[in-house]
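Let's take a friendly walk through the aromatic rings of this model. Have the sequence and the 3D view open as you read.

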Amino acid sequence: MSDPSVSLCSSSLPDGPAVFALPHLASLGVAGADARTFLQGQLTNDLLNLPGGNAQLSAWCTAQGRVIANFLLYARPLAEGAEAIRLLLSASLLPDLPQRLGRYALRARVTFAAESGVFAHLGLSGATTEAARLTEILAAADLPDMPNAPLAVSHKGDNSLLRLPDNDRLILTVPEARLDGIQHKLAQSMPLASTDLWRWLDVRHVLPWVSAATSEAFVPQMMNLEKLGGVSFKKGCYSGQEVVARAHYLGQVKRRLYRVASKDSLLAGDGWPKDGAPIGKILQAAPAPEQNGYVALAVLSCKEAEATDAIALSPRAIA
C-alpha cells in the first residue's frame, strides 16, 4: 500500500500502537462434526477441553516425536452453531499440510481448507501500553472487541482477533478481499510497521515458530513448547506422544531453546557454531532493530551452550 499519509516504521519500535503485515503467517481451517476429536488425536495439546473464546499453542509431531508444524489455534463460529478450528502457522508449511493431515482422517467427518487467498493476517501492538486508544481504533474500524486476556479471542462477522501470550500484541484475521481496506483504515490511526520488526518481537517474547527449514528437526521440549503451555501430559494418545512423554518424565532433553545474536545474517535452519563446529540449529531469526545484526531463537546443546559465554551475546536459556 502506498499512501503518503501512512508513516512507515521499519527499524524501530513505534511510540504507540502499530499495525504489521504478516505474510509469513498462514492459516488452515479444520471443520466438520469430528474436527475436534480428530485434532485431539493428532496434536500435542488438549483441544477437547479448550473453552470457546480461548486459543492455545499446540504442535503436530511425527511418530518419532519431531515437530512437523506448530500452531496457535482457536475455534471460530460458523453458521447454525457449527465451528471451524483455525490453525495459525508458518506460511511455508501450509501447502503440504492439508494433504498430510488428511491421510489420517480415514472415516472422520472432517474437512481441511487452506485459507491462503481467503483470509489474511495483520499484527497489532499496544494492547497493554495503548489499550484505550487501540480499543477506539478497533471500534472505529468495525473490528472485534479487544480480547481481555492472553490467548483470548474475539470475533465479529468474519473477522477474528487473537491476543498473543505476551499480552501486548494481537493477530487480526480478516477476509482477503477486505484486507487492503482494513489495513488502510487502521494505518490512518497508527503507523504501519515492518514484518521484520514483528518477527523480532516474536524472538524477544519467545514465541517459537517451526518453518519448512526446521520442520521435523525438534521434539516439542527443545522448543520449550511444554513450558509455554503447548503440550498436555494428561490428554490421551496423539502422534508422537510416547516419545514426547518419555522425554518429559525421564528428563532426556539435552537440547533447549536459547536466545542468540550475531553481527552476521541468521536464517532458520542455519547451524550455530562453537569452535567451528555446530552445536545447534537456528529455529527463527530477525534483524535487530536499530542495530547492525540479527537475533534468533536457537536450539542448542545445553552442555555446550552453558559451558561458555562466548556464543554471540551470551545467549540465555529461556526459562
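## Charges over rings

Arg169 sits over the face of Trp198, 4.4 Å from the ring centre. Likewise, Arg86 is placed over the face of Phe119, at 4.6 Å from the ring centre. Here a charge sits over a ring if NZ of Lys or CZ of Arg is within 6 Å of the ring centre and within 35 degrees of the ring normal.

## About the model

This is a predicted model, where local features need pLDDT of at least 70, side-chain atom pairs count only at pLDDT 80 or more, and totals for chains, interfaces and linings use all residues. Residues are numbered from 1 along each chain as its sequence is written, and side-chain values use heavy atoms, with hydrogens and water left out.

## Aromatic pairs

You will find four aromatic pairs in the structure. Rings of Phe, Tyr and Trp (its six-membered ring) pair if their centres lie within 6.5 Å; planes under 30 degrees apart count as stacked, over 60 as edge-to-face and the rest as tilted.

One of the pairs is Phe38 with Phe112: the ring centres are 5.6 Å apart and the planes stand at 70 degrees, so the pair is edge-to-face. Because Phe38 lies in helix H1 (residues 35-40) and Phe112 in strand E7 (residues 111-114), the pair ties together parts 74 residues apart in sequence. Helices (H or I, at least four residues) and strands (E, at least two) are DSSP runs, numbered from the N terminus.

Phe38 is buried, with a relative accessible area of 7%. Buried means under 20% relative accessible area, exposed over 50%, and partly exposed in between (1.4 Å probe, protein chains only).
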